[in-house]
Amino acid sequence: MPSRLPFARHATSFALMAALAGHAGAQVAPVERGFTLEKVADFGHQVTGVTVAGDGRVFVNFPRWTEDSPISVAEVKDGAVVPFPNEEWNAWRNARKDELSPGEHWVCVQSVVADKQGNVWVLDPAAPAQATIVPGGPKLVRVSLASNAVLQNIRFDESVALQGSYLNDVRFSPDGKWAYITDSGVRGAIVLVDLGTGEAKRLLDGDPSTQPKKGLVVTADGKPLRRPDGKGIEFAADGIALSPDGQYLYWQAIKGDTLYRIATSVLIEEGWRGDDIGGKVETVGRNGVADGLLIDRAGKYMYVTSPEDDSVKVRNLALPGSEPRVVLRDPRLRWPDTFSQGPDGVVYVTTSRIQDSAFFKRDAPIALPTSLWRLQPKR
């Protein structure tokens with residue numbers, strides 16, 4: 001994949017070059033100590049998504065999983081959270097679901113992503129507790145960074161956000177024409193959205209590449225991660241990444257260990273018209289259990305969060321068949337969740353502490369404290 005910017009301009013990528021040199025073909029993953037953790041902010045609620053805009057502004061979101069979070073989407077300013085784009089969009093509550101329109105309020109936001117056109121996009125699967133979808137709630141919303149005004153609100157009907165779905169994360173084509181969304185719900189899929197018309201279609205719906213892997217058990221702290229009723233992690237297609245040139249889309253199920261990709265031209269040209277494209281999916285390699293994915297701006301390295309062992313891995317995409325390397329392992333990375341890369345090249349990551357939540361621990365607090373971190377290259 002061609003690089004768009006000189007490799008040496010990115011401090012984080014430079015550290016990776018040193019950390020990974022000579023190891024790309026190894027079959028094991030010892031820690032390559034190229035990074036340290038620097039805390040950006042602590043939150044009193046469970047965070048998932050983070051995005052750093054081109055102007056350096058930082059945004060996060062708090063889904064309504066085990067609590068009725070008072071803020072769904074926020075800008076982080078000096079360590080504090082400020083409702084974004086305003087308090088009214090954050091006014092929806094479970095107890096007020098019959099009073100406020102779910103289409104014009106954040107219901108259960110899972111992801112925030114800044115694009116290259118001066119916007120922050122908010123993905124709202126509108127399924128509190130990852131359960132029943134609130135009718136009229138699933139949406140993808142474009143908010144202007146310049147004015148904090150909502151410029152576009154793409155609503156998804158039941159043909160796209162069917163009951164049992166959970167729209168998880170999103171990436172945007174470099175030309176701003178298409179959005180690619182993973183559905184990590186009961187039946188995994190990739191949702192393709194025409195941003196010009198707002199039309200959306202489910203692709204690879206039920207394809208093995210988008211489904212949880214049968215027989216795989218996700219662990220935490222060395223033990224199977226299970227709810228009190230014995231049910232384990234069942235998330236389908238979740239982590240998603242797009243090559244900087246927009247030519248390839250990558251994804252992986254959390255209950256899975258394999259990274260897949262497909263040419264975006266296949267999605268747009270063949271999948272959009274209804275062709276069967278399952279045979280065009282490529283297997284990239286094994287990442288192990290993973291949540292968030294990020295390809296750096298040079299297009300050479302993919303960052304992978306590894307929640308089972310509190311680590312961050314890096315895969316060298318320029319060397320097909322190479323194994324991902326652990327570049328940072330730290331007990332403070334309790335379920336490293338979502339990545340974002342700032343304009344200075346520094347990578348941010350949230351820790352959502354899913355294994356510590358009330359889903360899995362009876363005595364866990366309803367409001368689970370979480371954090372946002374920066375990966376600082378060692379000098």
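Predicted model: local features only at pLDDT ≥ 70, side-chain atom pairs only at ≥ 80, totals over all residues.

Me: What volume does the largest pocket have?

Reply: The space in the largest pocket is about 760 Å³. Its lining holds 33 residues, and Val113, Ala114, Lys116, Leu294 and Arg297 are the closest to the centre.

Me: Which element gives the most to the lining of the largest pocket?

Reply: That is β24, with four residues. The elements giving two or more residues are β2, β6, β10, β16, β20 and β24.

Me: And the second largest pocket, what is its volume?

Reply: The second largest pocket has about 470 Å³. It is lined by 31 residues, and the closest to its centre are Gln130, Ser184, Gly185, Glu234 and Phe235. Here β10, β16 and β24 each give two or more residues to the lining.

Me: What is that lining made of, by class?

Reply: The second largest pocket is lined by 11 nonpolar, 13 polar and seven charged residues.

Me: New topic. How many residues of strand β18 are buried?

Reply: Six of six. The strand covers residues 258-263.

Me: Which residues sit on each side of β18?

Reply: Thr258, Tyr260 and Ile262 are on one side. Leu259, Arg261 and Ala263 are on the other. Both faces are covered.

Me: What about β19, how many bridges join it to β18?

Reply: Four bridges, and that pair is antiparallel too. Threonine 258 stands opposite arginine 286 in β19.

Me: Okay, charges now. How many salt bridges are there in the whole structure?

Reply: A search finds 24. One of them ties β18 to β19: glutamate 282 pairs with arginine 261. Their closest N and O atoms are 3.1 Å apart.

Me: Is each end buried or partly exposed?

Reply: Arginine 261 counts as buried because its relative accessible area is 17%, under the 20% cut-off. Glutamate 282 is at 31%, so it counts as partly exposed.

Me: Give me another one. What does arginine 334 pair with?

Reply: Aspartate 221, at 2.7 Å from N to O. Arginine 334 lies in the loop between β23 and β24, and aspartate 221 in the loop between β14 and β15. They are 113 residues apart.

Me: Why does arginine 334 count as buried?

Reply: Its relative accessible area is 17%, so it falls under 20%. Aspartate 221, at 48%, counts as partly exposed.

Me: Last one. What about aspartate 169, which residue does it pair with?

Reply: Aspartate 169 forms a salt bridge with arginine 171, with the closest N and O atoms 3.2 Å apart. Aspartate 169 is buried, at 8% relative accessibility. Arginine 171 is buried as well, at 13%.

Me: And why can such side chains pair at all?

Reply: Side chains of opposite charge can pair when their charged atoms come close.

Notes
Residues numbered from 1 in each chain as written. Heavy atoms only, no water. 1 Å grid on protein atoms, 1.4 Å probe; cavity = no way out; pocket = protein on both sides within 12 Å on 5 of 7 lines; lining within 4 Å. Points joined across faces, edges and corners; volume = space filled by probe spheres on them. Nonpolar A, V, L, I, M, F, W, Y, C, P; charged D, E, K, R; others polar. Buried < 20%, exposed > 50% of the residue type's maximum accessible area, 1.4 Å probe, protein only. Pairing = 2+ DSSP bridges. Salt bridge = Lys/Arg side-chain N within 4 Å of Asp/Glu carboxyl O.
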